[in-house]
Amino acid sequence: MSKSGMMRREERIGYLFIAPFLIMFAVFKLYPMIYGFIVSFWDRNSEMKLMDTTFVGFDNYISVLTNHSFWEAFGHSIVFSVIYIAFLMVFGFILAVILNRNFMGRTAVRTCFYIPYVTNMIAVGIVFKYLLNPSRGPVNAIFRMFGADGPRWFSSPTLALPTAAIVAAWAALAFHIITCLAALQDIPQDVYEVAEIEGATFMQKIRYIVLPFLTPTLFMLLTITLINSFRNYTAIVGLTGGGPGTSSKVVSLLIYDDAFNFMKFSIASAEGVIFTLFIIIVNRIFTKARSVWESR
Amino acid sequence: MKRIIVALLAMAMICTSVFAMGSAEEPASDYDRVVTTTVTATYLNETWFNTMNADFEKETGIHVEVIPVPGDEDEYKAKINIDLMAGSDVDVVETLGPKDFSRQVSAGFFMPLNDVVEAAGIDPYALYGANLPVEDDGNYYALPFKQEMYCVFYNKAIFDEAGVPYPEGPWTWDEYVETAQKLTDKSKGVYGSLMNADLPWMYMPAQQLAIPFYKEDGTCNFDDPAFREAAEWFKYISNDLGVQPSVAELEAEAANWNYYALEGYRLAMFPQGNWFTRLLNSQEDYPKDWNYGVAPLPSAGENGNNNLVSLGYVAINKNAAHPEEALEYTLWIAENQWKYEGGIPAFATMTEEQQQLAFGSIAEASHGQVTVDDLYQNLINTGLGAVSSDIVGTAAAEYYNIVKEELSSYNMDLQDIDTAISNIVTRVNEAIASAE
Amino acid sequence: MGKPLKKKDIVFTVVMWILAILMIYPFIMMVAISFRPSGQAYMSLFAPGILYTLRNYKEVLFHPNFFDWYRNTIVTVAVTIIIRLCITIMAAYAFSRLRFRGKAAILAFLVATMMVPGETTMVPRYLYFQQIHILNTLWSIVLPEASEVFYLILLTEFFSSIPGDFTEAASIDGAGHGTVLTRIFIPLSGPAIATTILFSFINIWNNFLDPYLFINRISMQLITPALQFFQEQGGANMPVQMAGSSLALIPVIILFVFTQKYFVQGVASAGIKG
């Protein structure tokens with residue numbers, strides 16, 4: 001068979017192999033995205049207008065962008081994501097490093113660290129509402145032992161959102177620990193041994209061996225966490241319900257409310273499109289940052 | 001390796017067949033006549049609801065198939081609207097509260113009942129009086145099957161301990177607060193009062209004064225001074241007077257509020273709907289070591305001699321798959337549900353016998369804590385008029401949410417009352433405008 | 001490690017154990033609440049006066065639909081994972097080993113769509129699924145879940161890390177791509193496939209929003225949203241929901257504990273780490 005013939009054959013097989021995935025993807029994932037984009041230009045904004053609807057161009061976008069509630073929720077989403085990402089990146093890394101050391105019952109301890117990951121978010125929410133209860137929760141009891149009242153956590157308008165972000169991050173920690181642990185196992189043992197001989201301290205080893213080795217892993221995790229940090233509907237509903245007032249109402253909650261409580265489907269879709277654009281831009285910036293970092 | 005593929009395929013086939021079983025439409029029914037109804041998941045776990053449907057089936061031969069919605073009442077309301085809009089063919093829909101009902105009617109979800117109800121030989125105008133939801137077009141799209149009234153429940157043990165006489169109607173909110181002050185004893189963890197960090201408690205007196213929520217031109221009327229006064233009063237008695245837990249404290253609990261009334265704090269008095277008796281009577285779920293009593297809702301002054309009343313409606317989906325059975329079930333529910341639920345029927349007047357029926361079971365379940373007479377005197381025969389406990393009108397759902405959000409922030413000292421009210425007016429007017 | 005135990009090591013071990021207990025404390029609390037009457041849900045762990053009861057478990061286990069939910073969930077998870085593995089492995093093989101036009105562009109596009117959070121498309125999904133009549137069936141969960149780009153990337157990266165000699169040797173033998181894939185790649189990718197199965201299992205098992213939105217019939221519901229059927233006047237029946245959550249967790253925990261090793265291995269050898 002000629003070389004070009006083989007190429008053509010390989011190409012055909014290539015398309016054949018990706019076809020099932022792409023078809024499923026196009027029909028059940030991509031189409032809803034496009035559909036949402038289209039709906040956002042129509043006037044499906046009340047239960048009466050679901051069937052007889054008109055094209056309204058950018059009206060929905062204008063009404064979203066001029067809406068105070070949207071920008072508030074937008075800000076909350078960003079705060080949530082920043083805290084969520086920071087917590088996961090820092091603690092995922094630190095815990096992986098210490099769990100990588102040898103000690104008695106390491107496997108059991110590791111399993112304990114993974115359990116929150118498999119617990120459903122609604123149950124986590126119910127339990128944390130009790131744990132962080134200002135008057136009868138154990139966390140504030142510790143504060144009271146030192147004579148302080150302790151913060152109000154979920155009912156404090158300033159703390160509700162950060163607290164929810166940290167609890168959500170806590171529940172997702174296992175993924176980061178596992179990934180970092182896996183990467184740590186790839187560091188050749190002799191590198192450590194050399195460092196040991198040269199008398200490097202623990203911090204020096206982290207700084208000069210572990211971090212450089214884990215940089216690609218951490219960047220990959222950063223991207224995944226960024227995406228996951230916007231999938232926060234269940235966490236917020238389970239923990240704060242968007243309150244107190246609107247102080248922890250994030251975009252996903254706003255979209256749900258607008259769509260399913262107020263039946264403004266087009267407005268909700270427009271909110272979704274705007275928010276997605278934002279995520280794509282942020283991700284572009286991350287990717288750029290990564291390439292700059294790596295080409296240093 | 002072939003074996004692996006074969007095994008994989010076999011597994012796939014097994015799973016798909018199990019799956020097909022799981023995903024098949026409901027199996028062909030064994031019953032000749034079926035009616036479907038969507039309810040909140042709360043009903044699902046209550047014996048009276050199942051007994052009621054069984055009795056209906058015995059009487060009419062129609063099997064009731066229940067489609068419950070997971071989650072609480074708010075989730076139920078959202079979900080049922082989505083499904084009706086999507087063209088669900090469920091037959092009978094129960095809605096609590098005029099706010100949500102009026103929205104469903106204006107969305108055209110329901111069948112007009114005038115002809116069919118009257119053909120069944122019922123005169124609903126005489127039977128239900130003002131409780132019949134007649135729309136502007138002269139049709140009614142539902143029958144009211146129950147009403148819920150507010151009253152004050154109190155903890156007799158706390159009154160006895162403090163040597164304060166039990167409250168009696170008629171009384172005013174000033175007297176209520178005065179009593180609460182006498183009972184509040186923070187050293188023992190006793191609060192004189194509890195009002196939910198929710199609507200309508202946050203502006204209850206204004207609603208008793210029947211201040212309209214909409215101005216005549218259809219815009220938001222929350223800038224009426226009565227609303228401001230009521231909201232300020234609520235915050236004053238909670239945050240300044242301290243006779244009840246503040247909104248911040250309640251938010252911090254983040255527990256079901258019914259829990260505070262029974263376990264969390266020791267609460268002397270709490271204005272609540274009559275349905276709360278079910279919790280107070282349930283020694284199994286809410287063990288308590290004190291007896292409760294009932295007093296009428298305090299009056300909000302000369303023009304505010306009103307009780308807040310909410311209605312439950314039963315309606316037929318216009319896409320109902322079994323319209324005939326749906327009608328039978330609807331008529332039956334409107335006539336009988338209150339007897340099973342231990343609620344108050346929505347009839348214009350109640351006969352002696354009906355009072356006995358409505359309150360007898362509650363009194364019995366309370367093991368002597370309250371009598372039929374206590375309940376009748378303090379819920380029905382209070383001398384109070386009736387106003388709706390809901391916001392009813394354009395964009396009512398948004399209106400409700402906005403007021404709750406802004407007033408919560410106000411109560412937690414995040415904004416002053418002027419900002420709260422101006423935010424409410426701006427946001428509600430935006431919502432009204434976009435709804436039209 | 002053969003060395004004598006140092007004081008430092010003991011301290012470290014103790015600290016790690018304390019941390020571990022803190023990590024599972026909420027889980028312990030969840031189990032504790034599941035044995036209480038609902039009026040006492042929020043009392044502290046060893047508060048005096050708590051009445052312990054098995055009523056909650058009885059209520060869950062004797063619920064006429066509980067085993068439906070369990071079965072639906074297991075079936076959904078199994079079918080999704082099978083479809084997902086089949087189509088993803090094929091696509092990953094093509095993306096990692098075959099040359100065809102537009103490969104890079106298609107992959108880049110797929111990765112870009114990962115940025116769209118599910119929450120932002122729930123409205124169009126609802127309207128669309130209604131049109132194609134898969135609302136109220138388990139297909140509304142399975143079909144959209146089947147093509148998940150995350151797992152495509154994971155497997156593509158893994159396949160790329162398999163040395164080229166293997167395939168070359170095979171193609172000299174005249175083996176087709178199908179044979180290479182089933183004979184060489186799949187047997188070599190145990191850890192990556194295990195990782196895919198586990199992550200898929202956990203994510204679908206704990207998925208709340210999709211089944212909640214797309215499924216109405218009580219007998220068709222999946223376990224996580226179905227726990228919300230346990231309500232009482234005024235809100236959720238916490239202890240019963242906790243009992244249900246505990247029961248729902250059993251298979252996940254079993255799977256997790258027994259496959260933990262693969263989990264780490266799979267991630268280590270697959271692409272996620274970078």
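Among the elements of chain A, the lowest mean pLDDT, 78, belongs to helix 8 (residues 189–197) of chain A, and the highest, 92, to helix 3 (residues 68–99) of chain A. The model is predicted, and for chain A as a whole the mean pLDDT is 84, with 96% of the residues reaching 70 or more.

**Contact between chain C and chain A**

- Chain C contributes 69 residues to its contact with chain A, and chain A contributes 75 residues.
- On the side of chain C that touches chain A, the elements giving two or more residues are helix 1 (7–33), helix 3 (66–97), helix 4 (103–113), helix 5 (122–131), helix 6 (139–146) and helix 13 (238–269) of chain C.
- Helix 13 of chain C supplies the largest share of that side, with 14 residues.
- Sorted by class, the side of chain C that touches chain A holds 49 nonpolar, 14 polar and 6 charged residues.

**A helix pair in chain C**

- Helix 7 (residues 149–160) of chain C packs with helix 10 (residues 190–205) of chain C at an angle of about 170°, and their axes are 10 Å apart.
- Because angles over 145 degrees count as roughly antiparallel, helix 7 of chain C is described as roughly antiparallel to helix 10 of chain C.
- From helix 7 of chain C the contact draws on C:Tyr151, C:Leu154, C:Leu155 and C:Phe158, while helix 10 of chain C provides C:Ala192, C:Thr195 and C:Thr196.
- The contact of helix 7 of chain C with helix 10 of chain C comprises 5 nonpolar and 2 polar residues, and no charged residues.

**Overall make-up and domains of chain B**

- Chain B has a secondary structure of 19 helices and 9 strands, and of its 436 residues 50% are buried.
- Of the contacts in chain B with a separation of 6 or more, 76% are between residues 24 or more positions apart.
- The division of chain B gives domain 1 (33–148 + 309–363) and domain 2 (150–307 + 371–435), whose centres, taken over C-alpha atoms, are separated by 27 Å.
- Domain 1 of chain B brings 18 residues to the contact between the two domains, and domain 2 of chain B brings 23 residues.
- The elements that give two or more residues to the side of domain 1 of chain B that touches domain 2 of chain B are helix 5 (98–106), strand 8 (306–316) and helix 16 (352–365) of chain B, and helix 16 of chain B gives the most, with 6 residues.
- By class, the side of domain 1 of chain B that touches domain 2 of chain B has 7 nonpolar, 8 polar and 3 charged residues.

- Apart from neighbours within four places in sequence, B:Ala180 is in contact with B:Gly192, B:Ser193, B:Val243, B:Gln244, B:Ala268 and B:Met269.
- B:Ala180 and B:Val190 are 10 residues apart along the chain, and their C-alpha atoms are separated by 9.9 Å.

**Backbone details in chains B and C**

- Most residues other than glycine have a negative phi, and most peptide bonds are trans.
- The peptide bond joining B:Gly169 and B:Pro170 is cis, with omega about -10°, and B:Pro170 sits in the loop between helix 8 (156–162) and helix 9 of chain B.
- Another cis peptide bond runs from B:Leu199 to B:Pro200, where omega is near 5°, and B:Pro200 belongs to the loop between strand 5 (190–193) and helix 10 (204–208) of chain B.
- B:Ala210, although not a glycine, has a positive phi of about 60°; this residue is found in the loop between helix 10 and helix 11 (225–240) of chain B and counts as partly exposed, with 15 C-beta neighbours inside 10 Å.
- C:His133, likewise a residue other than glycine, has a positive phi near 55°; its place is the loop between helix 5 and helix 6 of chain C, where C:His133 counts as exposed with 10 C-beta neighbours inside 10 Å.

Methods
Residues numbered from 1 in each chain as written. Chains lettered and ligands numbered in written order. Predicted model: local features only at pLDDT ≥ 70, side-chain atom pairs only at ≥ 80, totals over all residues. Contact = placed C-beta atoms within 7 Å. Helix = DSSP H or I, 4+ residues; strand = E, 2+ residues; numbered from the N terminus. Nonpolar A, V, L, I, M, F, W, Y, C, P; charged D, E, K, R; others polar. pLDDT = per-residue confidence, 0-100. Axes fitted to C-alpha atoms, helices over the stretch in contact; angles between N-to-C directions. Parallel < 35°, antiparallel > 145°, perpendicular 65-115°, else oblique. Domains from an automatic or database assignment. Buried ≥ 20, exposed ≤ 12 C-beta atoms within 10 Å, placed from the backbone.
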